[in-house]
Amino acid sequence: MKSGKKVLALALPCVMAMTLLLVSCQNATGDQETSGTQVATQATAQETETVYQDASSVNEIGLYLKHREIGSYELIEEYTGPWTAGIDIKAFEAFASNEANISGDTYGNLWKARWFDNDEAQNSKIGYCLSFTLSDGKEYVQTMIRPSDTVGEFNDYIEVWIYDDIYNLGASWYSHLTEADFNEESLCSSIKLTAAEKIGDVNTIKLKAFIYDSNSDFDSESGEYIGINSYEITINRE
């Protein structure tokens with residue numbers, strides 16, 4: 001009887017040791033599999049990640065105010081003026097430049113000298129992004145690369161007009177671009193903002209001009225510009 005008890009007593013520690021060893025092996029195997037899965041997932045993410053590369057042939061853009069009386073254009077960071085419903089806030093000129101002032105020649109020559117100094121400039125276009133915040137905190141962000149983009153709910157606050165001044169060089173008068181006018185040759189070289197009926201609800205206005213070459217310059221979900229060739233100004237109420 002004493003001998004049997006000794007065998008049982010010896011057997012129990014052995015069984016417990018084997019159980020612990022088995023559990024330890026299972027845990028080690030499980031950890032190893034999880035780690036392998038994480039590594040594989042990370043590797044897959046790295047392989048599928050797309051890095052944006054800006055391929056624009058025109059690599060500078062600025063927003064300018066025209067000083068008609070002296071025939072010059074001034075690069076601005078902000079503009080302050082009255083916001084009166086039904087009255088234009090201001091028109092802004094987009095040049096492929098960041099020079100502080102542009103002058104010394106006709107508008108057409110000044111503009112073409114900066115845009116067409118690259119043989120591949122015909123692949124690039126100009127777009128705009130208008131963003132503003134209302135007094136209740138609501139925000140509007142509108143990307144515009146063609147006339148139809150200037151129409152939307154935001155027009156209750158601000159109306160937008162885009163122009164192809166290059167196509168109309170020499171004309172004594174011309175109107176804003178319409179969807180019927182717009183084509184692959186169009187260049188949205190200037191933009192005008194007009195205060196609409198609910199302009200009193202607007203706090204701050206931001207206007208960005210940007211250069212794009214293809215759909216890859218825009219976020220596939222939001223449609224917002226993700227390129228690096230842009231210039232933004234702040235428009236303040238006087």
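User: Which residue forms a salt bridge with K192?

Analyst: This is a predicted model. In it, the closest N and O atoms of the pair are 3.4 Å apart. A salt bridge needs a side-chain nitrogen of Lys or Arg within 4 Å of a carboxyl oxygen of Asp or Glu. The partner of K192 is D88.

User: How many residues apart in sequence are the parts that K192 and D88 tie together?

Analyst: K192 lies in strand 9, residues 190-195. D88 lies in strand 4, residues 88-95. The pair therefore ties together parts whose separation in sequence is 104 residues.

User: Is D88 buried or exposed, or partly exposed?

Analyst: Buried means under 20% relative accessible area, and exposed means over 50%. D88 has a relative accessible area of 40%. So D88 is partly exposed.

User: Why can such side chains pair at all?

Analyst: Opposite charge is one condition. The other is distance, because side chains of opposite charge can pair when their charged atoms come close.

User: How many salt bridges does a search of the whole structure find?

Analyst: The pair of K192 and D88 is a salt bridge. R114 also forms one with E99. The search of the whole structure gives a total of 4.

User: Where is E99, the salt-bridge partner of R114?

Analyst: The closest N and O atoms of R114 and E99 are 2.6 Å apart. The pair links distant parts of the chain, 15 residues apart. R114 is in helix 2, residues 107-115. E99 is in the loop between strand 4 and strand 5.

User: Which residue meets the side chain of R146 in a salt bridge?

Analyst: The N to O distance is 2.4 Å. R146 lies in the loop between strand 7 (139-144) and strand 8 (158-163). Its partner lies in the loop between strand 8 and strand 9, so the pair ties together parts 33 residues apart in sequence. That partner is E179.

User: What is the relative accessible area of E179?

Analyst: R146 is partly exposed at 31%. E179 also counts as partly exposed. Its relative accessible area is 33%.

User: Which residues form the negative surface patch?

Analyst: Asp and Glu count as negative. One member, D219, lies in the loop between strand 10 (202-212) and strand 11 (230-237). D219 is partly exposed, with a relative accessible area of 30%. The patch consists of E139, D219, E221 and E224.

User: How far apart are the C-alpha atoms of I226 and Y212?

Analyst: I226 sits in the loop between strand 10 and strand 11. I226 is partly exposed, with a relative accessible area of 38%. Along the chain, I226 and Y212 are 14 residues apart. Their C-alpha atoms are separated by 9.5 Å.

User: Which residues is Y174 in contact with, leaving aside its neighbours within four places in sequence?

Analyst: Y174 is found in the loop between strand 8 and strand 9. At 26% relative accessibility, Y174 counts as partly exposed. The C-alpha atoms of Y174 and Y163 are separated by 8.8 Å. The contacts of Y174 are Y163, D164, D165 and N168.

User: Which residues does E153 touch, not counting those up to four places away in sequence?

Analyst: E153 is in the loop between strand 7 and strand 8. Its C-alpha atom is 9.2 Å from that of Y140, 13 residues apart along the chain. E153 touches K138 and Y140.

User: How many helices and strands are in the protein chain?

Analyst: From the N terminus on, the elements run α-β-β-β-β-β-α-β-β-β-β-β-β. In that notation, the chain has 2 helices and 11 strands.

User: What share of the residues of the protein chain counts as buried?

Analyst: The accessible surface of the chain comes to about 14500 Å², and 50% of that belongs to carbon and sulfur atoms. Buried means under 20% relative accessible area. Of the 238 residues, the buried share is 36%.

Conventions: Residues are numbered from 1 along each chain as its sequence is written. This is a predicted model: local features need pLDDT of at least 70, side-chain atom pairs count only at pLDDT 80 or more; totals for chains, interfaces and linings use all residues. Side-chain values use heavy atoms; hydrogens and water are left out. Patches are made of residues with over 30% relative accessible area and no salt bridge: like charges are joined within 9 Å, nonpolar side chains (Val, Leu, Ile, Met, Phe, Trp, Tyr) within 5 Å. Accessible areas come from the Shrake-Rupley method with a 1.4 Å probe; for residues, only the protein chains shown count as cover. The place of a charge is taken as NZ of Lys, CZ of Arg, CG of Asp or CD of Glu. Helices (H or I, at least four residues) and strands (E, at least two) are DSSP runs, numbered from the N terminus. Buried means under 20% relative accessible area, exposed over 50%, partly exposed in between (1.4 Å probe, protein chains only). Contact means heavy atoms within 4.5 Å.
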